[in-house]
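Have the viewer open as you read.

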Amino acid sequence: MSFLGFATIVTVTTLLSCLGVFLAQGSLSEDAPRAFAFGAALAGLNAVGSMGLLAWSRSRSHAAFLRALLGGMLGRMALLLGAVALGLVALDLPRVPLVIGLLAHFVVFLTLELAIVQRDWKPAGAR
């Protein structure tokens with residue numbers, strides 16, 4: 001699967017789940033759909049960033065791959081922590097919907113990414 005295909009799946013999944021939460025808004029607190037969408041968007045951006053780094057490093061050296069993997073993971077974790085703090089403190093979003101949106105989407109996207117990598121992606125020298 002290509003990077004663009006993965007990004008499309010992530011975007012459509014995020015938009016559909018957020019649409020479902022916004023349609024169920026009547027049974028939720030006032031800010032819950034906004035917090036859920038914020039968390040879902042963070043997870044989607046994280047997944048696209050992860051796959052982008054993987055695609056970038058695919059045809060490069062093993063050292064470049066490890067730098068992208070480990071450095072990218074550290075950078076994405078720091079950005080996610082900052083964004084969650086921003087959502088909770090500055091935007092005053094409710095904690096539980098934000099965390100549910102973030103973690104639920106993170107698990108789905110990580111599972112998809114691992115399935116794609118395990119099935120389709122081989123090291124440059126193994127082709």
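Helices here are DSSP runs of H or I with at least four residues, numbered from the N terminus. By that rule, His-105 lies in helix H4. Keep in mind that this is a predicted model.

**The chain as a whole**

There are 4 helices and 0 strands in the chain, so the order from the N terminus is simply α-α-α-α by the DSSP-based definition. The C-alpha atoms fill a box of roughly 55 × 25 × 15 Å along the principal axes. Of the contacts with a separation of 6 or more, 74% join residues 24 or more positions apart. Buried residues make up 31% of the 127 residues. The accessible surface is about 7700 Å², and carbon and sulfur atoms own 74% of that.

The buried residues of H4 are Pro-97, Leu-98, Gly-101, Leu-102, His-105, Phe-109, Glu-113 and Ile-116. An α-helix has 3.6 residues a turn, so residues three or four places apart point the same way. The cover over H4's buried residues includes helix H1 (3–23), H2 and H3.

His-105 is worth a click: it touches Thr-13, Thr-14, Ser-17, Phe-36, Ala-40, Ala-43 and Ile-100, leaving out residues up to four places away in sequence. Over in helix H2 there is Leu-54. Leu-54 and Phe-3 are 51 residues apart in sequence, yet 9.2 Å apart in space, C-alpha to C-alpha.

Both residues in the table count as buried because they fall under the 20% cut-off.

| Residue | Helix | Relative accessibility |
|---|---|---|
| His-105 | H4 | 5% |
| Leu-54 | H2 | 15% |

**The largest pocket**

Which helices supply at least two residues of the lining each? They are H2 (32–57), H3 (62–90) and H4 (95–120). H4 gives the most, with 9 residues. By class, the lining has 19 nonpolar, 3 polar and 2 charged residues.

Notes:
Residues numbered from 1 in each chain as written. Predicted model: local features only at pLDDT ≥ 70, side-chain atom pairs only at ≥ 80, totals over all residues. Heavy atoms only, no water. Nonpolar A, V, L, I, M, F, W, Y, C, P; charged D, E, K, R; others polar. Buried < 20%, exposed > 50% of the residue type's maximum accessible area, 1.4 Å probe, protein only. Contact = heavy atoms within 4.5 Å. Areas by Shrake-Rupley, 256 points an atom, 1.4 Å probe, with all protein chains shown as cover.
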